Structures are given as C-alpha cells and as structure tokens.
Amino acid sequence: MFDIIRKSLATGIVTTDYPQTPAEVASQARGRPEIDYAKWRDARPAVAACPTGALACEDGGGTRTVKLDLGKCTFCGLCAEADTAIRMTNACELAARRKEDLLTTAQYELGPAGAQGKLVATQRSPLATQPSNLDSIGTELKARIAKVLGRSLHIREVDAGSCNGCEIEIVGLNSPVYDIERFGIHFVASPRHADMLLVTGPVSRNMELALRKTYDATPDPRLVVAVGACGCSGGIFGQNYASLGGVDKVIPVDVYIPGCPPNPHALLHGILTAIGRLPEK
Amino acid sequence: MNILPALQPILEDLTERFDTRIQAVEAPRPNEVYFHAQMELVPGFCAQLYKKWNGRLVSLFADDARVQDGAFHIHYVFAIDAAHGFFILRVPVSPAQPEFISLTNALPAVNWQEREIQDMFGLKLEGHPNPRRCALHDDWPEVYPLRKDFDLHTVLPPFTGERHKFREVEGEGVFQVPVGPVHAGIIEPGHFLFSVAGEPVLYLQIRLFYTHKGTEKLFENMPVTHGVRLAESISGDSSFAHATAFCHAVERAANVEAPPRARALRTVCLELERVYNHIADIGAIATDVAFVVANTHAMRLKERVLRLNEQLTGHRLLRGMAALGGVLFDWGAGQIEAIRQCVAWLRPEFESLVGLIRESSSTRDRLETTGILKPQTARDLGVVGIAGRASGFDHDLRRDFPHAAYDRVNFTVPVYQEGDVLHRMQVRIDEVQQALSIIEQLIAKLPEGATRVDVPTPPANRVALGYVEGWRGEIFHWIRTAADGRLARCKIKDPSLQNWPALSEAILGNIIPDFPVVNKSFNLSYSGTDR
C-alpha cells in the first residue's frame, strides 16, 4: 500500500494540459498533407500512389479537377513520396461537423500530355487554412447539448468493423496522460447510459444491425462521432460485398474525426468540437 | 533441388513412403517445399508429418485456380520447427465435385479454417463433425466471395438478423448468458454465449466474423504497393507485423532480400510493437482484477513507447514504415539516441510496474490457476504465440525460422507449463525484458547501407509464404501472383484464428466474472480473425 502511494508521488502528474497547450506531436508525425496547388504540374503520379482514393483527379472539358478528401486520407505519405508538390504536415486536429469541410478541390486548365496548366480555381477545406464556420444546425445543436447535457458527457464506443487501431487510441484517452475524465467525460458500458456514440470502422455488413440497434438504444438527444478514415468514409476498405463504407451510410453523423487512427489529441479535439467545448477557430 | 540439409531426411521419408502418389515436388525456396498430390493422400501425408516429424499444421487454405489449372487447390502448410522448414501439400478439388476431406476429427486445430474454406469457396466438407457456417453468418445468401467469378463490389441484401441456432445446454439451474457483439469495454465486436450452472461456466460458444470486411478479396483488387498499407489494417495492434509478413511474402516471390540495415530496423519495430502491446496487456490484466493503479502506470509506459514510435516512423502504431524491399524511413543519430534513452528509461519503470503487481497478493490470487489451458489441449488445438508458450508449447518463429534480423541477436524464448492467466502474463513480462535487450543489441551495431531495395514485379503464378512472429504469435501471408503485377490470392493467417477455440477450453469451470481477465490474457484479435 505504502509502495503504491510512494510510486504515485514519485511519478507526479503526467497529464497533458491540452487543449490549453498545443498538441504534443512529434515533428516526424504525419498529419494533413499540404499541396502547393500553384506549383503543381501533374496530379496523376500522386493519385496513383494513394491507396484509399483520398486523392483523386478527373479530366473533362479541357479541365482537370483534383480532390483531396481528408475523410479518406490515412496520412500514409505515399503521395508526398511520389510528388514534391505535396508535403506532410503534422497537423492532427482535423475534426469537422460537415463532411464537405474535409474536402479540397482544385481546378486546372488541362495542359499538353496530361500535365496541368493554369490553376483556375480552388475550393479549400476550411481545415487547411481558416477556421470552420458553424452552420446553423451546428449552432442549434450546440445550444441544445449545452442545455440538456450541461458539462458532462457519457460516451459509448462502438466498433462497427474497425481493425482495432482506433480502439488503441481511444483507450489511450483513459490513460493518465490524456485523462478524458478531467472534462467530465467518461466512457460507459451501455448505449442506454450514453449521450454520444463514438463509432469506428467501416460498417461491416455483419455489424450494420448491431449499430442501428445501439443507435436506437441511445436516448435522445444523442451525438454520433465517426472516428478514423474508415468511420468517415470506409477508408482503405471502402465499399465492398462485406463493408458498407462510412458510419453515415447507416446512422446520421454529427462530427467526423479523420486519421488512421486519429491520435488521442485528435480524438479529444473531435469530441470537444462535438460538444462545443472548444473555441471555434 | 536446393533445400535446407535438415529437411532432406524428411523429404526422403515422405517420397519413399508415398512414392508415386506424389505427383511433383518443388522447392521455390530452401525452406519452402511444395508437394502436389491428390486428395486421397491428405490424411496419410498429414498424419506422417504431424506424428513422425512433429509438424504443426499452421495454415490451411484454398485458392481458386480454375482458370489456369481447371481446379481449386487446397494447401496444407506444415511447419517443422526443429528442421526450420515448411512442407506444403497442394491438392486439387475438381469444380465438378467440389468436396474435400475434413481433418478436424484427427486434428481439432483446423476446425475453423476448414469451415472458412467451405464458406468462402463453396467447397463442401466431408466428415466434419460440425460443418455449419463459420466465416459467413447464417443470413448470408449462397455466395462464395473468394471465388474468382465473385465480384468484390457485389451488393448483398442487408443483414436482417441473427439466424444462428446456438447450441443449447440444458439441466436444472442451467442458464445461458449472451454477451455482444457490442461489448461493455472499448474492444472489438464478437458474441459470447455462456452456459452456466450457478457460477461455473459449463460451455462457452464463441461467434465471430462480425468485422469481416472482405480483406483477402481486396488484396486481389489493388496494386501490391497498396497491399502493404492494407496489411497494416488487418489487425491494428499488429500493423507492423502484418505489413512485414506481407512484404516478406512479396520479396520471397520476387527472390529479393531486404538489405541488412532494413532487416535490423524491421526487427526494432517488431520488438517495439511487442513491447507496447505486452505492457498494455499486463496493465489490462491488472485492471480486470481491480488493480487499477497498475494499469495507470502501464498506460503511462505504453504512451512513452507510442511517442517513440511516432518519432521513428511518423506514426504511433508504426504505420507507413513497412515497404516492399525494406523500410520507408532511415533513422538518424538523434532517433537512435531517442531509442536508447527510451529503453534506458523503460527498463527500471517496467521492473517497478512488475514489482507492484508481484507484491499484490490479492492480484496474484486472482491470476494463479485461473483460466488454465492444459498443455495437451494447447497441442491439440495448435495454440500459438504467448498462449502456446504459457502452456508448454515451445515454438517461436523468431528462433525456429529466423526472419528480419533475429539471427543476429541473442534472446531466449520463455516457456511455462502452468497455462494459467498468471503465466500468460509472465510470458509477456519475460518477453518485454527480452525485447528491450534485442533492441539494445541491434542499435549498438546497426549495419550501414541502404534501407530499401527495388522489388521487381514477380511473374504470374509465383507462390510464396511470408512469416513474422508478431507479439501475439505467428503471422503467415501466403501469396500467388497474378499476371498484371497484382495478386491472385493473399491468404492471411493471424494467430488469433488459431487461438480463439482455446479460450472456450480455458474458461471451463471458471466463473463469468473471471472471463474478462481470462479473455484479456489471450488478447486475441477479432479483426485479424474476421478479416
């Protein structure tokens, strides 16, 4: 007993101050890819290197449209290996209320031999540069949640087909380093006790019904947060005979947290975004 | 034929005994020997390898080769640990008579694998004691997803509900407790049906494959380089081990070997994966017997390792590091110093954590003699990895089939006979200590040179077996190449598939409140099993 207390005292406090302090992420960590759109000459090698289709391009009518979808991106860095116009940043706080906010689109005039000509237009994901605006639904939701839930939140985690990568990082939220309970948030054993479902995985065909039943068992008002590239879009598994794709194919989603898996900072950021406990940037 | 000298007597024994019934023998690699024969040879051939040569049937799978060979092929992969080689029996199954002989009555270890072949390929089992569906649930229509004429993107009718008939256990005072697929903890989905009389468990039925997401089929539909990334998502806690096993298979098919420095870096990553998972499990075992403070310390230690992983590979779970022909990132002096510091910090911290658990007599009381898996049962079920070694089953691919840089380091393989939760934890404790030593040995003299070589696209119909001893146990990836530089088949064998049935045995006679800790002491992957 005394040994346990002595060890605890000797260890001291290990909990991060995030979000008051910035996320503690290594400089080598791979997060949101950044593309130098003005200098980009040919998107095709990077598109071919992308294993999930997060980076895609389409030619037509003398123009090329390139899309980068953070909801599909696993931050593997293969596009940056293939193309010097792309650089991996270590930005991990990428949660968004609207799926469109995860998308960046660029349009080019099509040059000779399939290269890109002049950059005609870009529609950048707000996450890349500026703060995301709360749409009216978000504002209304925020007010409702604050009123009903106060400053406490109970989460039921649902693995709807994940590889278990997301679960490793979600478990980390309960570690003394991230200690999610300091926000009055904790994980509960039943959807009946939950305000929020934290759902991972591409939804497998075999988990679809279980996910629907879990959603139905969660009392209203309830929030659904889709976790990871698979939860946001199906990720590398996409849609196939056994996988339905992202969580929003089955139940409505309030917040999307990109990553493969998102690290605990990214998860905290997403959960706090969902309940409006982060300053809207 | 160029084969390892130790395999020669076995080869001679088999060719002498089965003579003309063996149609062809090929050894694409010195430790990988293929025999082609007809189905009728299967029982005798397998019995000979199992009984006389102490072979373990480590993987059993089918391959749709109807286009080029007019038949399905079933492969029986035997590992002969003492001779450091694999013997693989390949037999055809005619599409006109799609049936194959079951070995489950003699070798319970292959029960689920045989039924998976039946489900995924539509090949009917002859003489299986319980030939019901396993991989595809009972509500699935009559489809055979791994046949070549089945399209990956086929849209199936939605799941409408459980139609499985669970085995009934009857008697006065007997009742059944269903649990899952959505569990109370932050874990993967699966269904457990406990039959209990009072407190002790009489029978546990495990129903899995809830997370089946078409992974093996998906491998056939993407470029091989993307396959490395998919392999990282087979089982999240074994990202690096699975990706490396996949790379190993492709490299062997192309007759390329990763350069020495890449092999050393791979080994460090494999051991880091072992360390963070073992520490997490030790903490979780403590939690499941209500010794939460030990888990708090364990999670603190694990976080430190995950942050080191991020510094070394850009990813906390080591994703993005594995690459065909080596590894993607080399490490500078700063990163190697970071490893050294982390190991130096971790060793006393880990000893202190172990001391904390060891000195708690109530914890020990809960773990000792709980969830015993008897050595004979472990042998019959072919239990691998940590669980096997805790039940007297002495094998470890790192020692018996040296891959990566395991031939360059000294380590011992812990083996215990007790087979209870305490000893499954003890194996982990010993292995963390060994892993830290392996990492230190490697970084003390890292080979210089390249970290990656080009892997040329292998020609069509090359076959190769890749293997890695992951933290949980042995991982096998068997591939057959296709003509377009893709794969015609990628068979993934996660150790969990082999070990799940052992959990049903280990829990017998224990009480339901001890199930979480018994389950955690195995810590099997659902996604790795379901794929």
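Modeller: Take helix 15 (residues 421-444) of chain B and helix 17 (residues 515-522) of chain B, whose axes come within 9 Å and cross at roughly 30°. Bear in mind that this is a predicted model.

Biologist: What makes the crossing of helix 15 of chain B and helix 17 of chain B left-handed or right-handed?

Modeller: The test is which way the near helix is turned from the far one, by less than a right angle: anticlockwise counts as left-handed, clockwise as right-handed. The crossing of helix 15 of chain B and helix 17 of chain B is left-handed. Val421(B), Arg424(B) and Met425(B) of helix 15 of chain B make the contact with Val517(B), Val518(B) and Ser521(B) of helix 17 of chain B. By class, that contact has four nonpolar, one polar and one charged residues.

Biologist: Why are helix 9 of chain B and helix 10 of chain B called roughly antiparallel?

Modeller: Helix 9 (residues 292-313) of chain B and helix 10 (residues 333-358) of chain B pack at an angle of about 170°, with their axes 10 Å apart. Angles over 145 degrees count as roughly antiparallel. Therefore helix 9 and helix 10 of chain B are roughly antiparallel to each other. Helix 9 of chain B also passes helix 10 of chain B in a left-handed crossing.

Biologist: Which residues meet where helix 9 of chain B packs on helix 10 of chain B?

Modeller: From helix 9 of chain B they include Ala298(B), Leu301(B), Val305(B) and Leu308(B), and from helix 10 of chain B they include Ile339(B), Cys342(B), Leu346(B) and Phe350(B). The contact has 14 nonpolar, three polar and two charged residues.

Biologist: How do you know how helix 10 of chain B is oriented to helix 15 of chain B?

Modeller: By the angle again. The axes of helix 10 of chain B and helix 15 of chain B come within 10 Å and cross at roughly 160°. The cut-off is over 145 degrees, and that makes helix 10 of chain B roughly antiparallel to helix 15 of chain B. On the helix 10 side of this contact are Ile339(B), Leu346(B) and Phe350(B), among others, and on the helix 15 side are residues including Val432(B), Leu436(B) and Ile439(B). The classes here are 11 nonpolar, no polar and three charged residues. The crossing of helix 10 of chain B past helix 15 of chain B is left-handed.

Biologist: Why is helix 6 of chain B said to be largely enclosed?

Modeller: A residue is buried if 20 or more other C-beta atoms lie within 10 Å of its own. In helix 6 (residues 224-231) of chain B, seven of the eight residues are buried, so this helix is largely enclosed by the rest of the structure. Among the buried ones are His226(B), Gly227(B) and Arg229(B). Their cover includes helix 5 (215-219), helix 7 (239-253), strand 11 (322-323) and strand 15 (487-493) of chain B.

Biologist: What makes strand 9 of chain A covered on both faces?

Modeller: Met196(A), Leu198(A) and Thr200(A) on one side and Leu197(A) and Val199(A) on the other are all buried. Side chains in a regular strand alternate between the two faces of the sheet. With five of the five residues of strand 9 (residues 196-200) of chain A buried, strand 9 is largely enclosed by the rest of the structure.

Biologist: How do you know which strands pair with strand 9 of chain A?

Modeller: Pairing takes at least two bridges. Strand 7 of chain A pairs with strand 9 of chain A in the parallel sense over five bridges, and five bridges join strand 9 of chain A to strand 10 (residues 223-227) of chain A, also running parallel. Both pairings therefore meet the cut-off. Asp159(A) stands opposite Thr200(A) in strand 9, and Leu197(A) stands opposite Val224(A) in strand 10.

Biologist: Why are strand 2 and strand 6 of chain A called edge strands?

Modeller: They belong to an open sheet of four strands with the order 2-3-5-6 in chain A and antiparallel pairing. Strand 2 (55-60) and strand 6 (116-123) of chain A each pair on one side only. The twist averages 20° from one strand to the next.

Key
Residues numbered from 1 in each chain as written. Chains lettered and ligands numbered in written order. Predicted model: local features only at pLDDT ≥ 70, side-chain atom pairs only at ≥ 80, totals over all residues. Axes fitted to C-alpha atoms, helices over the stretch in contact; angles between N-to-C directions. Helix = DSSP H or I, 4+ residues; strand = E, 2+ residues; numbered from the N terminus. Parallel < 35°, antiparallel > 145°, perpendicular 65-115°, else oblique. Contact = placed C-beta atoms within 7 Å. Nonpolar A, V, L, I, M, F, W, Y, C, P; charged D, E, K, R; others polar. Buried ≥ 20, exposed ≤ 12 C-beta atoms within 10 Å, placed from the backbone.
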